[in-house]
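Keep the viewer open while you read.

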Amino acid sequence: MKQFLTALALGASAVFASGAADAATLDQVKQKGFLQCGVSTGLPGFSNPDAKGEWTGLDVDLCRAVAAAVFDDPTKVRFSPLTAKDRFTALQSGEVDILSRNSTWTLSRDATQGLNFTATNYYDGQGFLVRKSLGVKSAMELNGASVCTQSGTTTELNVADFFRSNNLQYEVVAFQGQEETLKAYESGRCEVFTSDQSQLYALRLKLADKDEHVILPELISKEPLATAVRQGDDQWFDIVKWVHYGMLNAEEAGITSQNVKDMLNSPNPDIKRMLGAEGNFGEQIGLTKDWLVRIVSKVGNYGEAFDRSVGKGSPLQIERGKNALWTKGGLQYGPPIR
Amino acid sequence: MAITHEGPAPAARPPSTSSIWNDARFRGNVAQVVVVVVVALALGAMVWNAQENLSNQRIASGFGFLDQTAGFGLNQTLIPYSESSSYGRALLVAILNTLLVAVVGIVFATILGFLVGVGRLSKNWMVRKVCTVYVEVTRNLPLLFHILFWYLAVLAAMPAARNSYSIFGEVFLNNRGVYIPRIVFGEGSLVGFVALGIAIVGAIALNRWSTARREKTGQQFPVFWTSVAMLVALPLIGFALVGFPLTIETPVLRGFNFVGGSRLLPEFAALVVALSIYTGGFIAEIVRAGIKAVSHGQSEAAASLGLKPSLSTRLVVIPQAMRVMIPPLTSQYLNLTKNSSLAAFIGYPELVQVFAGTTLNQTGQAIEIIAITMGCYLVISLVTSLFMNWYNRRVALIER
């Protein structure tokens, strides 16, 4: 129903809205006084309400960082929980300003959905979760299995490709929401639950008998989980992109939420530029000079956000792996701020 | 006293020179043309504006996507479908799955509704109360709960494939659904099917002949039992002639699941059960109201003519009750069809799940896809109500 309403809203806005280009998103956000951020309906580590009802997670932190950069206040964010089916329509129709919801960056989404992916917040790949009691050690042993997945995801397509290219029989059972999918897997409807591996780690925590389930070693796809904004607003695109790169650069330069105030006096020219002591780099993208100070002091650098959301400081205990900085053998690479 | 006109005669109305605008019919036609033109222009402007906005926002539009490769799998396909089929093909599969649920659901809901509706009028206190409780419980709970209950509660109670409940080693019941043996028709089976066809035609002819004879002479003929005998015996003889070329394929456990035989998806079963039970509650009330609407004098008259109670119900009360029941029954059938869209919550691959869900998300063409989906439901519903209206006219009281 929600899906239908969102589609209808998009239809109505497309049908009735005037042809003129939308006003700049940054101005709209400043005018309303908060950032509307599209997140998942509850995925531990990425976007999930905690015991107090506060949204937390790596995807949430990106929205908080954008709010910190714009308002100097990371709490000026309102969250819209979106299912996989609703997410792009919600962004297209203007329901959210930014989509930070573990969405895979693909060519067709970038080209035809009226959106632009800014940067990869988390490098992921699709994996399989099975019961230990099945005695399966590899995905190649899954011939004839039933696979539960969420409909409208790249996962649904990858799983079809994987079984087809390996000549394995399978049955796909696709559900609308993550909750329904997990429940069906738990009740034994499927041997296999498939999703991005990070999600499997997170969702395994939700299972009653979580030690009875194991994640198979194979990754069957590339899933760069990226943040997206509406196409056609280059300023907003730049802001969201550079907030992420800013957090990466801060981590690389060793600027943390603890030492950012001291770093303001650093003699290092790189750090001077980043923190606005030299030049006006923040102003060039429509923010303030101290944009990165705001972000790092209120939200932290990328490494801090990673550790407390999905890494060592969280129940998920995911290694940095591909998400380590490029200097440490990973893929996260922030272009220079100069 | 006669009233006469005195004084000057009233001015004569010159009919030929009157403005054409004074003609009510002409004015009506002009108004209709204007309304149609305005509506058409408004629609045209909306479509044009939508296209313009979509292309400004760089969102793909048009119906070309229907030919593109879908790339996703579906677990219930009544027509051949694979991952390399097109989105259009996936749409067709989804429509057929929706129709299957609707038709099977309507049949079960009707049977259930009739039994319970008649049961509510039973003279037996127990039967009456059980039926009342059924009606009050089913129609006062939201349908989504019915569906989730039958899916999750029943699924959780079922064993895994390796520990299936087995009935005589032929039928298997587990959390993957119900597996039943399938009859595979070998060479020469055509003879048997031809015999079945002859039996069906024969039964229809027999029915017509006996009706005509009864109306003429009043003599009864046991049409029902003769027809049943014919429908069983003729195909049997047909297959016997060619030496029974039938083999039975029993489902066997191989790997994780059973292979062979026919399979009923648990999603399908849960959806049909939930829709039938829910809609059955409403139909029961319609049936009860229909029977109550036939005045008591009718059955008394039938009794005084010497008709047995069973005959009086079948020949006098039910035909009159049908007239009252058909129009609300049509609404229930339409509701059931549309309600099948809730299947998206339990992963049954029907229209909303496959097309307005997966396909919409893979292609991002929300406007086209929602329009097609609405169009499909509209056509299905209109065809259903056309059929029911035709049936309604047939059973309507023919007044002479």
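Predicted model: local features only at pLDDT ≥ 70, side-chain atom pairs only at ≥ 80, totals over all residues.

Helices here are DSSP runs of H or I with at least four residues, and strands are DSSP runs of E with at least two.

**Chain A**

With that in hand, take residues 34–263 of chain A, where the chain is 34% helix and 28% strand. The end C-alpha atoms of that stretch are 29 Å apart. An unreviewed UniProt entry annotates residues 34–263 of chain A as "domain: Solute-binding protein family 3/N-terminal".

Where the two touch, domain 1 of chain A puts in 17 residues and domain 2 of chain A puts in 15 residues. On the domain 1 side, the elements giving two or more residues are strand E5 (98–104) and strand E6 (115–124) of chain A. That side of domain 1 splits into 9 nonpolar, 6 polar and 2 charged residues.

**Chain B and its annotations**

Chain B comes out as domain 1 (26–59), domain 2 (87–181 + 250–395) and domain 3 (183–249). The C-alpha centres of domain 2 and domain 3 of chain B sit 29 Å apart.

On the record side, an unreviewed UniProt entry places "domain: ABC transmembrane type-1" on residues 95–388 of chain B. That span is 70% helix and 10% strand, and its end C-alpha atoms lie 21 Å apart. The unreviewed UniProt entry also gives "transmembrane region" annotations on chain B, among them residues 30–48 and 179–206. How much helix and strand do residues 30–48 of chain B hold? The stretch is 100% helix and 0% strand, with its end C-alpha atoms 27 Å apart. Residues 179–206 of chain B, by contrast, are 64% helix and 21% strand, and their end C-alpha atoms lie 38 Å apart.

**Where the chains meet**

On the chain B side, 40 residues are in contact with 43 residues of chain A. The elements of chain B that give two or more residues to this are helix H1 (24–56), helix H4 (143–157), helix H10 (351–363) and helix H11 (366–395). Which of them gives the largest share? That would be H1(B), with 7 residues. By class, the chain B side has 18 nonpolar, 17 polar and 5 charged residues.

A packed helix pair is described by the angle between the axes and the distance between them.

| Helix pair | Axes come within | Crossing angle |
|---|---|---|
| H2(B) and H7(B) | 6 Å | roughly 40° |
| H10(B) and H11(B) | 10 Å | roughly 170° |
| H9(B) and H11(B) | 10 Å | roughly 175° |

Start with helix H2 (residues 87–119) and helix H7 (residues 266–293) of chain B, which cross at roughly 40°. H2(B) and H7(B) are therefore oblique to each other. The crossing of H2(B) past H7(B) is right-handed. Its contact residues divide into 16 nonpolar, 7 polar and 2 charged.

Next, the axes of H10(B) and H11(B) cross at roughly 170°, which makes the two helices roughly antiparallel. H10(B) contributes B:Leu351, B:Val352, B:Phe355, B:Ala356, B:Thr359 and B:Leu360, and H11(B) answers with B:Ala366, B:Ile369, B:Ile370, B:Thr373 and B:Cys376. That contact has 9 nonpolar, 2 polar and no charged residues.

Last up is helix H9 (residues 309–339) of chain B, whose axis crosses that of H11(B) at roughly 175°. H9(B) and H11(B) are therefore roughly antiparallel as well. On the H9(B) side, the residues include B:Pro319, B:Met322, B:Arg323, B:Ile326 and B:Lys338. Among their partners in H11(B) are B:Tyr377, B:Ile380, B:Thr384, B:Met388 and B:Val395. This contact divides into 11 nonpolar, 6 polar and 2 charged residues.

Notes:
Residues numbered from 1 in each chain as written. Chains lettered and ligands numbered in written order. Axes fitted to C-alpha atoms, helices over the stretch in contact; angles between N-to-C directions. Parallel < 35°, antiparallel > 145°, perpendicular 65-115°, else oblique. Left-handed = near helix turned anticlockwise from the far one by under 90°. Nonpolar A, V, L, I, M, F, W, Y, C, P; charged D, E, K, R; others polar. Domains from an automatic or database assignment. UniProt positions renumbered as here; feature names shortened; annotations may be inferred. Contact = placed C-beta atoms within 7 Å.
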